[in-house]
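Visitor: Hi, could you walk me through this one? I'm new to reading structures.
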Amino acid sequence: MASLLEKRRIDFTSGNIIAQLVRFSIPIVIGELLQNLYNSVDALFVGNFLGNTALAAISECSSISNLLIGFFNGMSAGVISVVAHEVGSGNLERLELTKRTILTVALILGSCLAAIGILFSPQLLYLTGAEGELFEQALIYLRIYLIGLLFTVIYNMLSGILRGMGDSSTPLRILILCCVSNIFMDWLTLRVLNMGIAGVALATIIAQGVSVLLAYRAIRAGGRFIPFKLPELYENRGIVSRLFNIGLPSGLQNCLISISNLFIWRYINGFGVVPAAGIGVAMRLDKFVSMPCKSFGLTMTSFISQNAGAKNYSRNREGAVKCLLLSIAVTMGLGAIVYIFAEDLLSLFNSDPEVIAVGAAMMHTIIPTYFLVGMRDSTLGVLRGYGKARVPMVLSLIGMVGVRQLYLALAYNINPRVEIVFNCYPVAWVATASLLLAYLFIIRKKLHPEENAQ
């Protein structure tokens with residue numbers, strides 16, 4: 001088992017940089033696609049077997065779950081940075097201590113958040129405006145789903161450990177197995193056991209539990225058991241501090257940007273049903289095309305952290321440039337395909353010509369500026385790899401939330417056209433990428449103190 005995992009791990013401190021970046025990123029991209037499938041399985045079964053009310057109920061819960069998933073993905077970025085740094089330093093004893101500390105933090109954090117979520121489920125649903133039978137169905141689903149929050153936290157931490165160690169293929173394999181188990185459990189609980197919406201939530205928890213067991217088994221060094229030691233949290237508070245200094249700002253950034261996206265719909269809905277539907281389907285395509293940017297950003301975090309731990313700063317500079325170029329090339333390549341076949345792709349989601357026209361107009365507006373998304377995510381990956389997350393969080397919120405909302409407010413008052421919604425995305429990308437690159441330029445010498453001292 002250990003030797004197999006060693007073969008899957010990538011040592012970013014030596015070897016062909018481009019080959020390593022591509023090899024590490026591909027499983028993350030595929031994993032993102034599977035994650036979208038994983039999140040859609042419940043809706044597929046519920047919509048076909050339980051009816052509209054149950055489908056609306058889990059849809060109400062999706063906005064809450066998406067916020068939580070975004071937060072834990074950010075925390076996972078902190079884990080990647082901390083673990084990859086220890087891998088690069090070559091201190092195996094320190095690496096095992098770091099893994100053990102992260103596991104302990106995950107167990108405590110997951111338990112606390114699950115308990116809080118279960119207690120305050122009604123209040124969370126009141127924020128969505130759910131009422132009557134819809135509220136009752138959603139409450140059943142959400143409370144059971146939040147029990148599994150413990151597994152969600154632990155799995156994200158464990159997958160972060162694996163990626164920090166240079167292994168992105170094992171989390172993908174685990175995700176594939178979890179998708180299969182979730183589909184099977186949905187069928188079992190709905191068609192065989194007739195458990196209703198509670199069965200769908202239970203199926204998700206079971207699949208998440210399976211993912212935790214598989215990921216935990218994968219990170220055991222040489223097959224040994226990794227114990228949870230609470231007293232070590234205080235003794236190793238430096239590790240805990242580094243984890244939260246990177247992971248917490250990244251998680252909060254994801255949450256706040258998601259909340260900001262909800263406010264954009266105030267403007268979208270003001271243009272009517274057809275524009276809202278067109279923009280909605282365009283956003284689905286946008287999410288697909290931008291996946292490589294996110295995956296290369298996570299890859300950059302692991303790459304930079306490993307080489308920073310090994311004090312291989314010249315390789316970091318070379319890797320950052322090559323990763324940026326790769327991210328832009330892949331994203332613009334996908335974007336070109338979507339640009340050309342926008343109408344055909346959009347017609348898969350909706351057959352209304354007016355809806356397709358709005359969606360195509362949006363894609364034709366934002367695709368030429370996708371290189372900015374690559375610049376933004378790659379720069380974020382570099383900064384997080386060096387342990388810098390607080391200032392990038394603030395800068396990202398200024399660009400993605402502040403500048404975008406200010407632009408929408410001003411443009412809408414001057415000339416309320418649907419095109420302002422299209423344009424708000426490139427405007428935010430320009431602002432965010434510029435701020436992050438300027439910050440990286442300003443602190444560049446501080447990132448390599450040993451090198452500058454020579």
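This is a predicted model: local features need pLDDT of at least 70, side-chain atom pairs count only at pLDDT 80 or more; totals for chains, interfaces and linings use all residues.

Visitor: What is its radius of gyration?

Guide: The value is 22 Å, which agrees with the figure near 22 Å for a compact globule of 454 residues. That radius is taken over C-alpha atoms, and the globule rule is 2.2 Å times the number of residues to the power 0.38. Along the principal axes, the C-alpha atoms fill a box of roughly 60 × 55 × 35 Å.

Visitor: And what share of the residues is buried?

Guide: Buried residues make up 52% of the 454. Buried means under 20% relative accessible area, exposed is over 50%, and partly exposed is in between (1.4 Å probe, protein chains only).

Visitor: What about contacts between residues at least 6 apart in sequence?

Guide: Of those contacts, 83% join residues at least 24 apart. A contact means heavy atoms within 4.5 Å.

Visitor: Let's pick a helix. What about α16?

Guide: Helix α16 covers residues 353-366, and its 14 residues should span 20 Å at 1.5 Å a residue; the end C-alpha atoms are 20 Å apart, which agrees. The expected span is 1.5 Å times one less than the number of residues. Its buried residues include Val 355, Ile 356, Met 362 and Met 363.

Visitor: What do the buried residues of α16 pack against?

Guide: They pack against α12 (273-289), α14, α15 (342-346) and α19 (419-443).

Visitor: Now Thr 301. Where does that one lie?

Guide: Thr 301 lies in helix α13 (residues 291-309). Thr 301 is buried, with a relative accessible area of 2%. Not counting residues up to four places away in sequence, Thr 301 touches Ala 77, Ile 80, Ser 81, Gly 381, Arg 384 and Gly 385.

Visitor: Switching topic: where is Cys 112?

Guide: Cys 112 is in helix α4 (residues 92-119). At 42% relative accessibility, Cys 112 is partly exposed. Cys 112 and Leu 149 are 37 residues apart in sequence, and their C-alpha atoms are 9.5 Å apart in space.

Visitor: What is phi like at Asn 194?

Guide: Phi of Asn 194 is near 50°, a positive value in a residue other than glycine. Most residues other than glycine have a negative phi. Asn 194 sits in the loop between α8 (169-192) and α9 (196-219), and is exposed, with a relative accessible area of 60%.

Visitor: And what is phi at Lys 311?

Guide: Lys 311 has a positive phi of about 55°, although it is not a glycine. Lys 311 is found in the loop between α13 and α14.

Terms used
Residues are numbered from 1 along each chain as its sequence is written. Side-chain values use heavy atoms; hydrogens and water are left out. Helices (H or I, at least four residues) and strands (E, at least two) are DSSP runs, numbered from the N terminus.
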